[in-house]
Amino acid sequence: MKRIAWAAAIAAVLTAGGPATAQERPGFTDTPTLPDGKWKVHDADRPYPTVVTPAAVPGGAPSDAVVLFDGKSLDAWQTQTTPWKVENGAATSVPRAGGGGENALVSKASFGDVQLHLEFRSPSPPTRTSQDRGNSGIWFMQRYEIQILDGYQNPTYADGTVGAIYGWKPPQVNASRKPGEWQSYDVVFERPHFGPDGKLSRPAYITAFLNGVLVQNRQPWLGGTIWRKLGTYQAHGDAAPIQLQDHNSPVSFRNIWVRPLPDTAASYDFEGSVK
């Protein structure tokens, strides 16, 4: 309906019923039923969206977010071996003790579908090249990795640079900032779905912005990330921790928060589904 017609309809309601009250809900009851079978077009009785207060500054956590790191404490995380360093509002991975194994940062809470925001910084000046330069990664459900790397004038294989679904899809563009500058990821992750028999019914998807630039557009994963192999799926639960990879490079992080997404936020693409 055009805006003029909508305004006229509201005016008619007010003229007939007097001043508007808090109980009045603008809308219609004589319009076609939507494909979901529950509501009509412009339905007056359809529930209003939940009110969420955005942050006062861009990139800040909204009112319904789970803050995983606020620059002060890593209480929401656990490390595999050696605690990460927290200094000047940032958490930084530390060198592996004695050349030992991985020392990832693992969230204590588990998540499925989420919106995630974090900011990261590669070491400056860089001292190495390719995959040994500012290497880290975000592992959703500890299985599905989107790469963190110093991608500024740093040639490496395309499906291993920053913004890539590691080992599968290169980013649409290279939107890297210089080493030593703070960079941001904004990601929507949709978990995979498995049937009662454990078979995959829908893959995991990711939409990702690096420094405000789209680098993955609802791209499906081949499966869990495996170095030098094709990703494969193995059935798992609906929620698992988020992991920040340690790759023996002092990558720093700040302002990490997530919003667990309700079922209504998912992109429904099952056969015959319209929601």
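The chain has one helix and 15 strands, with helices (H or I, at least four residues) and strands (E, at least two) taken as DSSP runs and numbered from the N terminus. This is a predicted model, in which local features need pLDDT of at least 70 and side-chain atom pairs count only at pLDDT 80 or more, while totals for chains, interfaces and linings use all residues. Residues are numbered from 1 along each chain as its sequence is written, and side-chain values use heavy atoms, with hydrogens and water left out.

On confidence, the chain averages a pLDDT of 87, and 87% of the residues score at least 70; pLDDT is the predictor's confidence in each residue, from 0 to 100. Over residues 1–22 the pLDDT stays under 50, and the model has twelve contacts for them beyond four places in sequence (a contact being heavy atoms within 4.5 Å). Residues 271–275 are also below 50, with four contacts in the model beyond near neighbours in sequence.

Among contacts in the chain with a separation of 6 or more, 61% come from residues 24 or more positions apart.

In soluble globular proteins, nonpolar side chains tend to be buried together. In this model the largest nonpolar core has 39 residues, and Ile 138, Phe 140 and Tyr 185 have the most contacts inside it. A core of this kind is a set of buried Ala, Val, Leu, Ile, Met, Phe, Trp, Tyr and Cys residues joined through side-chain atoms within 4.5 Å. Strand S6 (residues 114–121) supplies the largest share of this core, four residues. Leaving aside residues up to four places away in sequence, Phe 140 touches Val 114, Leu 116, Ile 146, Val 187, Phe 189, Ile 206, Trp 221 and Pro 241.

Leu 244 and Ser 136 are 108 residues apart in sequence, yet their C-alpha atoms are 6.9 Å apart in space.

Aromatic rings come up again on a search of the whole structure, which finds nine aromatic pairs. Rings of Phe, Tyr and Trp (its six-membered ring) pair if their centres lie within 6.5 Å; planes under 30 degrees apart count as stacked, over 60 as edge-to-face and the rest as tilted. Phe 140 turns up here as well, in one aromatic cluster with Tyr 144, Phe 189, Phe 194, Trp 221 and Tyr 233.

The charged end of Arg 25 sits over the ring of Tyr 48, 3.9 Å from its centre, and Arg 218 lies over the face of Tyr 205, at 3.7 Å from the ring centre. The rule for this asks that NZ of Lys or CZ of Arg be within 6 Å of the ring centre and within 35 degrees of the ring normal. Tyr 205 is also one of the residues touched by Gln 219, along with Ile 165, Trp 168, Lys 169, Ala 204 and Ile 206, again not counting residues up to four places away in sequence. Gln 219 belongs to strand S13 (residues 213–220) and is buried, with a relative accessible area of 15%.

Salt bridges (a side-chain nitrogen of Lys or Arg within 4 Å of a carboxyl oxygen of Asp or Glu) come to seven. In one of them, Arg 254 pairs with Glu 119, the closest N and O atoms being 2.7 Å apart. Arg 254 lies in strand S15 (residues 252–260) and Glu 119 in strand S6, so the pair ties together parts that are 135 residues apart in sequence. Arg 254 is partly exposed at 29% relative accessible area, whereas Glu 119 is buried at 12%.

Arg 202 and Glu 190 also meet in a salt bridge (3.8 Å, N to O). Since Arg 202 lies in strand S11 (residues 200–202) and Glu 190 in strand S9 (residues 183–190), this pair ties together parts that are twelve residues apart in sequence. Arg 202 is buried at 2% relative accessibility, and Glu 190 is buried at 6%. Glu 190, Arg 202 and Arg 218 are linked in a network of salt bridges.

Note on methods
Buried means under 20% relative accessible area, exposed over 50%, partly exposed in between (1.4 Å probe, protein chains only).
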